[in-house]
Amino acid sequence: MEQVTDEELLELYNDTINKCGIYLLNEADETIEYNIYEDFDIGVHSFLYTDNLQKLYSKGLISIDKLNKSILLHNKVIDLQSSDEWKFENFRTSEKWKEIMRLCDEIRATH
């Protein structure tokens with residue numbers, strides 16, 4: 001299996017964060033389903049995994065603030081996945097989902 005470069009890992013990390021945000025509340029159901037339950041879901045498990053986040057931080061590719069917020073995001077998503085609120089029907093109304101969307105927006109705005 002081919003190793004992902006640090007730059008590719010950063011790109012995949014950013015792509016994952018970009019798939020979620022408050023902007024999704026105004027998107028079509030199909031967009032939400034694809035962004036969240038396909039790309040974001042996979043990305044959280046792969047590119048927001050603690051070891052990958054630590055690697056990005058140690059290489060100076062993300063700040064300590066982004067590292068900490070990304071770890072928090074990862075944990076919130078994992079917790080949400082084990083609840084009924086993970087279901088698509090709850091996406092637009094769940095306060096937990098809104099926290100996750102806001103956190104993604106904060107991470108994008110953090111340097």
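Two notes on method to begin. Residues are numbered from 1 along each chain as its sequence is written, and side-chain values use heavy atoms, with hydrogens and water left out. Since we have a predicted model, local features need pLDDT of at least 70 and side-chain atom pairs count only at pLDDT 80 or more, while totals for chains, interfaces and linings use all residues.

Let me start with the overall fold. The protein chain has five helices and zero strands. Helices here are DSSP runs of H or I with at least four residues, strands are runs of E with at least two, and both are numbered from the N terminus. Along the sequence the pattern reads α-α-α-α-α.

On size, the C-alpha atoms fill a box of roughly 40 × 30 × 25 Å along the principal axes. For 111 residues, a compact globule would have a radius of gyration near 13 Å, and the 14 Å of this chain agrees. That radius is taken over C-alpha atoms, and the globule rule is 2.2 Å times the number of residues to the power 0.38.

Next, the inside. Buried residues account for 36% of the 111 residues. Buried means under 20% relative accessible area, exposed means over 50%, and partly exposed lies in between, with a 1.4 Å probe and protein chains only.

The largest nonpolar core has 26 residues, and those with the most contacts inside it include Tyr13, Phe40 and Trp97. Such a core is a set of buried Ala, Val, Leu, Ile, Met, Phe, Trp, Tyr and Cys residues joined through side-chain atoms within 4.5 Å. Which helix gives the most to this core? Helix α5 does, with six residues.

Take Phe40 as an example. Not counting residues up to four places away in sequence, Phe40 touches several residues, among them Thr16, Asn35, Leu73, Trp97 and Cys104. A contact means heavy atoms within 4.5 Å.

Asn35 sits in helix α2, residues 29-46. Leaving out residues up to four places away, Asn35 touches Lys19, Tyr23, Leu24 and Phe40.

Now the charged pairs. The structure holds eleven salt bridges. A salt bridge is a side-chain nitrogen of Lys or Arg within 4 Å of a carboxyl oxygen of Asp or Glu.

Lys76 is partly exposed at 27% relative accessibility, and Glu99 is partly exposed at 37%.

The next pair is Glu85 with Lys96, whose closest N and O atoms are 3.8 Å apart. Glu85 lies in the loop between α4 and α5 and Lys96 in helix α5, so the pair ties together parts eleven residues apart in sequence. Glu85 counts as partly exposed at 25%, and so does Lys96 at 44%.

The last pair is Arg108 and Asp105, with 2.2 Å from N to O. Both lie in helix α5, three residues apart, about one turn of the helix. Arg108 is partly exposed at 31% relative accessibility.
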